[in-house]
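Here is a quick tour of a protein chain, with the sequence and the model side by side. Have both open as you read.

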Amino acid sequence: FMISPEKPGWIGLSSSKTKTSATLDFQLSDEGKLSGKAVFSHDSYFAQKVRKNYFTKGKDEYVKDVASTYQWEITSAEFENLDKLSESVKEIYQVKLDEHIQMAGDKMYINPIFIQRLDKNPFQSQSRAYPVDYGSPEDRLFMVKITLPDGWVAEEIPQPKAWVLPANSGRYVYNISQTGNMISVTS
């Protein structure tokens, strides 16, 4: 409740949705190596975290941490809007990936979720005294486009899936499709 002689009244304290997205555009070689462009866009709390890490560590150390986290070889890195608080922070990388493809004879196996992959349940507590609170609603978007080498075809791709929590309190959508020699994934 705002106390004011001119305009007293209730003020909503709901925070805006914080968003982050990753758009990857990769080419796959016959040898099972990926290369291409990765663009991250962050706003609100996600942008604040990126800015804090970038300015605390410096560009070189920040890029080194990103390369280590994702097991990427980063050949170039650009950053936009680090000083413009009202704008989304953008990270633009040219990358090479060697660790994300499994070769088995004349077949390649790809897990297209190269980043932000949940390898284990983040909720490890056996009991919970309070509800999980993220502080603000989050929207995380991951898109990847993989261009296959000439002559290669995807023999099998997963079916699209969507899950929604009760009361529409959360959702997860996984969509994968193939058009020609291009595989597109959205998560």
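Let's start with Ser21, which sits in strand 1 (residues 18-28); strands here are DSSP runs of E with at least two residues, helices are runs of H or I with at least four, and both are numbered from the N terminus. Ser21 counts as buried at 18% relative accessibility, where buried means under 20% relative accessible area, exposed means over 50%, and partly exposed falls in between (1.4 Å probe, protein chains only). Setting aside residues up to four places away in sequence, Ser21 touches Val39, Phe40, Ser41 and Leu141, with contact meaning heavy atoms within 4.5 Å.

A word on the source: this is a predicted model, in which local features need pLDDT of at least 70 and side-chain atom pairs count only at pLDDT 80 or more, while totals for chains, interfaces and linings use all residues. Residues are numbered from 1 along each chain as its sequence is written, and side-chain values use heavy atoms, leaving out hydrogens and water.

**The whole chain**

Zooming out, the protein chain has 2 helices and 10 strands, and along the sequence they follow the pattern β-β-α-α-β-β-β-β-β-β-β-β. The chain's radius of gyration is 20 Å, well over the 16 Å that the globule rule gives for 187 residues, so the chain is more spread out than a compact globule. That radius is taken over C-alpha atoms, and the rule is 2.2 Å times the number of residues to the power 0.38. The C-alpha trace spans about 75 × 40 × 35 Å along its principal axes.

Buried residues make up 30% of the 187. Of the contacts with a separation of 6 or more, 59% are between residues 24 or more positions apart. The chain exposes about 13,200 Å², with carbon and sulfur atoms supplying 51% of that; the areas come from the Shrake-Rupley method with a 1.4 Å probe, and for residues only the protein chains shown count as cover.

Strand 10 covers residues 182-186, and Ile183 is part of it. The strand has a covered face, made of Ile183 and Val185, and an uncovered one, made of Met182, Ser184 and Thr186. Ile183 is buried, with a relative accessible area of 10%. What does Ile183 contact, leaving aside its neighbours within four places in sequence? The list is Val144, Lys145, Ile146, Leu148, Ala154, Ile176, Ser177 and Gln178. Take Val144: it is 39 residues from Ile183 along the chain, yet their C-alpha atoms are separated by 8.1 Å.

Strand 10 pairs with strand 7 in the antiparallel sense over 5 bridges, and with strand 9, also antiparallel, over 5 bridges. Pairing here requires DSSP to find at least two bridges between the strands. Strands 9 and 10 form a hairpin with 2 residues between them, and Gly180 in the turn has a positive phi of about 60 degrees.

**Another hairpin**

Most residues other than glycine have a negative phi. Ser44 has a positive one, near 55 degrees, and lies in helix 1 (residues 44-57). Gln71 also has a positive phi, about 60 degrees, and lies in the loop between helix 2 (59-70) and strand 3 (73-80).

**Loops and accessibility**

Gly170 is in the loop between strand 8 (161-164) and strand 9 (171-179). Leaving aside neighbours within four places in sequence, Gly170 contacts Trp163, Val164 and Leu165. Gly170 and Pro137 are 33 residues apart in sequence and 9.3 Å apart in space, C-alpha to C-alpha.

Arg128 is in the loop between strand 6 and strand 7 (138-147). Arg128 and Leu148 are 20 residues apart in sequence, but 46 Å apart in space, C-alpha to C-alpha.

Here is how four of these residues compare in accessibility:

| Residue | Relative accessible area | Class |
|---|---|---|
| Ser44 | 33% | partly exposed |
| Gln71 | 48% | partly exposed |
| Arg128 | 45% | partly exposed |
| Gly170 | 18% | buried |
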